[in-house]
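Let's take a walk through this model, starting with a charged pair and ending at a helix packing.

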Amino acid sequence: MADTARGPQGARTSKKNAGVLVIGLGRFGSAIAGTLDRLGQDVLAVEKSPDLVAQWAGRIPLVEADCTNPQALEQLGARDFPVAVVGVGSYLEASVLITGNLVDLGTPQIWAKAISAEHARILQRIGAHHVVLPEADAGARVAHLVSGKMLDYIEVEDGFTIVKMRPPRETQGFTIAQSKIRERYGVTVIGVKSPGLDFVYASPETRISANDLLIVSGHADLLERFAARP
């Protein structure tokens, strides 16, 4: 692989004041790059494999380069990107080298994929701002969803979680104030979605029906207890 960063047709590519640099077009990186592009965000994908470059050429903004080489990152204008995503999780050495190169460039926000807790710790120690373990995160999320009334589950940070769930029977037909959900369970109903109606932010006077969907926040353990109610 040449040291310079070149597009599929061989022309050197640089993108000034861009939004997100996505390195690696495996399933994780291609999903991020494709989604950002569809949302109209500024994105540039970088891939080392000529086969993957050929597969994605014309579908997303893309260059072919080996980002383990710091010169390649310099030449494709990586300094101009405020956010970079390292999707090369399956190759630990490459993942660490690329992340380290981005740290050396001073990239303000570095998101990196890890495949194990040990890999995640290494990435954090060398300076990645956000480390994602897609398989572990997905597994934990599914475990929560299959164990109760939860229909969606997002852990934000330090145990604080937001869930979408069906209302327990004891809350049905009552207002939030009457149910005393916060006092009894330590969780907060953020909003309610009734069938055929728009989502509404919850107030003490909001009445909960059997067919409603609740958006509830709180610590994961407390939400599990609330969702386990019949």
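**Salt bridges and a helix pair**

Arg121 has a relative accessible area of 38%, so it is partly exposed (buried is under 20%, exposed over 50%, partly exposed in between, with a 1.4 Å probe and protein chains only). Keep in mind that this is a predicted model, where local features need pLDDT of at least 70 and side-chain atom pairs count only at pLDDT 80 or more, while totals for chains, interfaces and linings use all residues. Residues are numbered from 1 along each chain as its sequence is written, and side-chain values use heavy atoms, leaving out hydrogens and water.

The side chain of Arg121 meets that of Glu118 in a salt bridge, 3.8 Å from N to O (a side-chain nitrogen of Lys or Arg within 4 Å of a carboxyl oxygen of Asp or Glu). The two sit three residues apart in helix H5, so about one helical turn separates them (helices are DSSP runs of H or I, at least four residues, and strands are runs of E, at least two, numbered from the N terminus). Glu118 is partly exposed too, at 47%.

Another salt bridge joins Arg79 and Glu74 at 2.8 Å, N to O. Here Arg79 is exposed at 51%, and Glu74 is partly exposed at 38%.

Back to H5 (residues 117-126): its axis comes within 9 Å of that of H4 (residues 92-105), crossing at roughly 20° (axes are lines fitted to C-alpha atoms over the stretch in contact, with angles from 0 to 180 degrees between N-to-C directions). The two helices are therefore roughly parallel (angles under 35 degrees; over 145 is roughly antiparallel, 65 to 115 roughly perpendicular, and the rest oblique).
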